[in-house]
Amino acid sequence: MQRRVVFNNRILPYFLLLPQLIITTIFFFWPASQAIYQSVLRQDPFGLRTTFVYLDNFRDVLSDPLYIESFQVTIVFSISVTLFVMTLALLFAVMADRQIRGAQTYKTLLLWPYALAPAIAAVLWVFIFHPSIGIIGKSLNAGGLHWDYKLDGGQALLLIVVASSWKQIAHNFLFFLAGLQSVPIAVVEAAMIDGASAWKLFRTILFPLISPTTFYLLTINLVFAFFDTFGVIHALTGGGPGRSTTTLMYKVYMDGYVNLNLGISAAQSVILMLIVSALVWIQFRYVEGKVHYS
Amino acid sequence: MKRTILFVLILLAVLFVACAPAPTPAPTAAPPTKAPEPTKPAAPAPTATTPRPTPPPGRITVEFWFGLGKPLGDVLEAVVMDFNKSQTKYYVDPIFKGAYVDTMNAAIAAYRAGKAPHIVQMFEVGTATMMAAKGAIKPVYQLAKETGVNLDSKIYIPAVRGYYSEGENMISMPWNSSTPMMYYNKDAFKKAGLDPEKPPKTWTEVRAAAKKLVDTKATACGLTFEWPTWTQLENFSALHNVPLATKTNGMTGMDAELKFNSDLHIRHLQTLMDMTKEGSFKYGGRDGAATVLFPSGECGIIHASSAARARIKNESKFEWGVTFLPYYDDVKGAPINSIIGGASLWVMNSPGRTADEYKAVAEFFAYISKPEVDARWHQETGYVPITHGGNDKTKADGFYAKNPGADLPYQQLTRTQPTENSMGLRLGNMPQIRIIVYEEWEKAFQGQQTAKQAMDNAVKRGNEVLREFEKTYK
């Protein structure tokens, strides 16, 4: 039973949409179209010589084993970050949702990391985990564990996964907490009267009821891991050692900004745009069908 | 509630402890390009504390975009302001644009928008890109010809001039140039039973000294180096008079091919890998990330820029010495002169530029080439003097007597006439090639590939970059 609201004014809706449309056009459609245009050109940085090369850039990118390597790094990275963030954020939210003393303080403290810019967060992590000057990094080495993320690819990847997740947990925590608090108290109480254990309560009542939140966060986290982790990678590892932390996003930056290879970089942006669009589409198409909206 | 407060306090304490012992500049948060090494606590420039002065009306004003952070940038601004004071007609407006790579991107974007600055400071590895951008830049020799200002290329030291010249013609204006040196911890040397007045000269001696430092626990690590490719590949090749690439290291043609997978290059990487294994060498990361390991006392020996001198002087709590870079003594003729790093100044074209504006640029270039200006630049920053006059003036000032070892970079750069392997290099997309070498070396240091595989891969991938560059400019 849906009530439809019909506007009689034909112009007003467009007028109300206009600010958002302008912003989207300026900050998305226009640059995106530029990227698509640039991706079929070979051009020197100054724009003095331009050749139209059809899809050569895409062919070069997709046949480049290093691009495939970055692809793998990105997949491992994104899945790790998403899993790590969501598990911990949910755990924290469930814990903080209970009636405990100082709940407000815990909530506030858990939100702090979100207020930090990624680059600043990364610098903090440097001070903690740098093998020779970081407080934990130094103790790890003193304790006999060989910790050197500048030379150990696995450790470097682990570090940026943890650092990126740490940043994102606060955001997820907030949404999970809001989700949990919107679960009708009557349902919870009824279950408790029936003698449901805490785990059973969570598994059969809370978790299904917050599934829209979970679904939303899944999408947001994947997009975050793909696009928004540049600052952390740039400040912590710079894509190294070797190429062990060069994600697709970081490669776009390196090829475009440092290597000044605009065509190749633009082609990668276009591919990245397609990948993320596809991801979001798949999620809405298939995962959403299984989500329970109350 | 009490418990909550206690918890917050503990958390704050932990955060404080976590942040406190860190040294001032974030060592790994270095920008991807060559960041200026903090040097001498340059005499606070009068212009640094006040907001940037606006150009006086009626003067012909040119924009100068630079990429040197504090404190080096302060010295640069002070030099520019002194030029402005000496002038009634022209005015140079210095504008900081971030790290070198940011300055480069800003200049490129500005050129494409028709708003290029008159002068832009560009790191040495961007030289090939700038030279290839015919039309976007005005070569210095042409500037001199057009404006009638005398910019005689002969006054600059050959190792500097050669890097930025095509044949006899100077294309960009030399400015901040440095060269890598070997710094060593004299206290640690004493503790290890090494003679602090007789620093190691050859790689065999360096390795032995580094091993002894570690074995006697005088330092936790023996040797490290900053700017790994600049110190261990580009300068290594020059010192041993072996080519980095064909076509005079790319200076005489865009079709150059990389040659740094020779036996000597492989042997050197093998030495470093062996030293990693025995614990006498520590790879400190890309670009300038390793610099901190020396003043902190962790590594007893470092290969670092001459412009790192003042940082080492300020931050080290021990006696230290400086000497020439080591070499393999069984290589015939080694060592010859080293090569420079740093940046030069480029004149950019833009629609609507007037002859007067070019004249202003030329006058500024003539000013910074004066012996007294060059000497001041050298003494306050740690960059090498770019002119013979600047060096003579510094000597006459008695600067070297007061700062022993400060003259060694100049000596190392000028000890022989540059050969075609030690003139410099000009390879397209050199920053990208440097990153490729980092990647391959890091894999080798992790034990994922042999020295030969690393050098072969780096050459193969680097050549692809060069061919791509060549294709772009065809």
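Me: How many residues of domain 1 of chain B are in contact with domain 2 of chain B, and how many residues does domain 2 give?
Reply: In this predicted model, 16 residues of domain 1 of chain B are in contact with 16 residues of domain 2 of chain B; they are called contacts because heavy atoms lie within 4.5 Å. The area buried between domain 1 and domain 2 of chain B is about 1,100 Å², with carbon and sulfur atoms giving 59% of that area. On the side of domain 1, B:Val125, B:Ala132 and B:Ser178 lose the most area to domain 2, and together they account for 37% of what that side buries.

Me: Why is the pair B:Glu124 and B:Arg434 called a salt bridge?
Reply: The closest N and O atoms of B:Glu124 and B:Arg434 are 3.2 Å apart, and the rule asks for a side-chain nitrogen of Lys or Arg within 4 Å of a carboxyl oxygen of Asp or Glu, so the pair qualifies as a salt bridge. Across the interface of domain 1 and domain 2 of chain B the rule finds one salt bridge. Helix H5 (residues 127-132) of chain B gives the most to the side of domain 1 that touches domain 2, namely three residues, and the residues of that side divide into nine nonpolar, six polar and one charged.

Me: What makes B:Glu468 and A:Arg42 a salt bridge between the chains?
Reply: For B:Glu468 and A:Arg42 the closest N and O atoms are 3.8 Å apart, and since the cut-off is 4 Å, the pair is therefore counted as a salt bridge. The count between chain A and chain B is two salt bridges, and there are ten residue pairs in polar contact, both residues being at pLDDT 80 or more. Several elements of chain A give two or more residues to the side that touches chain B, among them strand E1 (41-43), helix H3 (65-97) and helix H13 (262-287). By class, that side of chain A has 26 nonpolar, 14 polar and nine charged residues.

Me: How do you know what area is buried between chain A and chain B, and how many residues take part?
Reply: The size of an interface is often given as the accessible area lost when the parts come together. Between chain A and chain B the buried area is about 4,400 Å², of which carbon and sulfur atoms give 63%, and the contact takes 49 residues from chain A and 52 residues from chain B.

Notes:
Residues are numbered from 1 along each chain as its sequence is written. Chains are lettered from A and ligands numbered from 1 in the order in which they are written. This is a predicted model: local features need pLDDT of at least 70, side-chain atom pairs count only at pLDDT 80 or more; totals for chains, interfaces and linings use all residues. Side-chain values use heavy atoms; hydrogens and water are left out. Buried area is the accessible area (1.4 Å probe) that two parts lose on being put together, summed over both. A polar contact is a pair of N or O atoms within 3.5 Å; within protein, one must be able to donate a hydrogen and the other to accept it, and residues adjacent in sequence count only if both atoms are side-chain atoms. Helices (H or I, at least four residues) and strands (E, at least two) are DSSP runs, numbered from the N terminus. Ala, Val, Leu, Ile, Met, Phe, Trp, Tyr, Cys and Pro count as nonpolar, Asp, Glu, Lys and Arg as charged, and the others, Gly among them, as polar.
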